[in-house]
Amino acid sequence: MVLDVSSPVELSVSEIEKARTRLQGYASLTPLLHFPVLDEHVNGRVFIKAENLQRTGSFKFRGAFNRLSLMPKERRAAGVVGCSSGNHAQGVAAAAKILGFPAVIVMPRDAPKLKVERTKALGAKVVLYDRESEDREAIAHSICAERGATFIHPYNDSGVIVGQGTVGLEIAEQCETLGVVPDVLISCTGGGGLTSGIALALEDRLPECQIYTAEPAQFDDYARSLQAGKRVRNAALGGSVCDAVLTEMPGDKGFSILNRRKAKGLVVTDQNALDAVAFAYFELKLVVEPGAAVALAAVLSGAIDLAGRTAVLTISGGNVDPAVFETALKLYAAEVASA
């Protein structure tokens, strides 16, 4: 079988197992956390896979490191190019630094300053673009052509997807250890690399578990695509506080998995996401960014009824902009004080 650059491996559980082996000693085994206060809120049981505690502050390191590890030695000197609002950027930059080859990341001008600076600190060159008027992938491919570099897509790449799928393997094993059989899995979703990787990993281990994507309003391309049975685009390109999960449309590789698994979509508002950021801080003692809080927001806002059910949800990153974090905490504190 001839594999294109975005398909270095097959999308299979066996490849997820191989990815886990590559990641050993580099990625963290993140905890599956349980909070009675959250159970009481939903009248069910909720377990949180805390990828905000992962290396570089998000799950993205898993997919990036696995994908870069798959590169032939003769292509490494030319380096890699990625495009990201920040979490994939840091994942690729960190993986490239560990493996010893250069990285260029195309990032939107409105990306959180913290994410831009951390990407640079990891040794990557950052090229900024306007997400409203410029095509980030066209810019990335142009840089690849100049340098002979390899493009690392943030979610529509089989090597990235199986790397993210290691989250699913850990969830299945941690649930088994706890004697938990989840009814639903809710995952923060942008292009679908994480959610599809988890869905693939759970296909044999927890086949009855219903998969849900969680997205911000106006960027619910996955929810609409799953309902339509085909990929559809978002009309907007920016304008949400949930920068980590703003994508134009689902990747075809991840969508094929989630459509086959009959996944369903949940949608929350920006305010729901900010409330979830503050709830995570005050009640769970976790630092979460808005885009990585949309699964928690779906639970807290009642977008899904978990009464009498058991759910696992992902908190996918903790790289929150300090100003956004402060705003979320102040708004939440004011709401609690006025209640």
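**Close-up views of a predicted model**

Figure 1. Not counting residues up to four places away in sequence, Gly 197 touches Ile 16, Ile 161, Gly 165 and Gly 192; contact means heavy atoms within 4.5 Å. This is a predicted model, in which local features need pLDDT of at least 70 and side-chain atom pairs count only at pLDDT 80 or more, while totals for chains, interfaces and linings use all residues. Residues are numbered from 1 along each chain as its sequence is written, and side-chain values use heavy atoms, with hydrogens and water left out. Gly 197 lies in helix α10 (residues 193-205); helices (H or I, at least four residues) and strands (E, at least two) are DSSP runs, numbered from the N terminus. With a relative accessible area of 0%, Gly 197 is buried, a term that means under 20% relative accessible area, against over 50% for exposed and partly exposed in between (1.4 Å probe, protein chains only). Thr 30 is 167 residues from Gly 197 along the chain, and the C-alpha atoms of the two are separated by 16 Å.

Figure 2. Strand β2 (residues 45-50) runs parallel to β10 and is joined to it by six bridges; two strands pair if DSSP finds at least two bridges between them. Lys 49 stands opposite Thr 314 of β10. Strand β7 (residues 184-188) also pairs with β10 in the parallel sense, over three bridges, and Ile 186 stands opposite Leu 313.

**Figure 3. The buried acidic residue Glu 215.** Glu 215 belongs to strand β8 (residues 210-216). Its side chain reaches the backbone nitrogen of Ala 223 at 2.9 Å. Glu 215 is buried yet has no salt bridge, and the nearest side chain of opposite charge, Arg 224, is 7.2 Å away. A salt bridge requires a side-chain nitrogen of Lys or Arg within 4 Å of a carboxyl oxygen of Asp or Glu. Residues that Glu 215 touches include Thr 189, Asp 220, Tyr 222, Leu 266 and Val 294.

Figure 4. For Cys 209, the nearest cysteine sulfur, that of Cys 175, is 7.9 Å away. Cys 209 is buried, at 4% relative accessible area. The sulfur of Cys 242 is 9.0 Å from the closest cysteine sulfur, in Cys 188, too far for a bond. Cys 242 is buried, at 0% relative accessibility.

Terms used. Lys and Arg count as positive and Asp and Glu as negative; His and the chain ends are not counted. A polar contact is a pair of N or O atoms within 3.5 Å; within protein, one must be able to donate a hydrogen and the other to accept it, and residues adjacent in sequence count only if both atoms are side-chain atoms. A disulfide is a pair of cysteine sulfur atoms within 2.5 Å.
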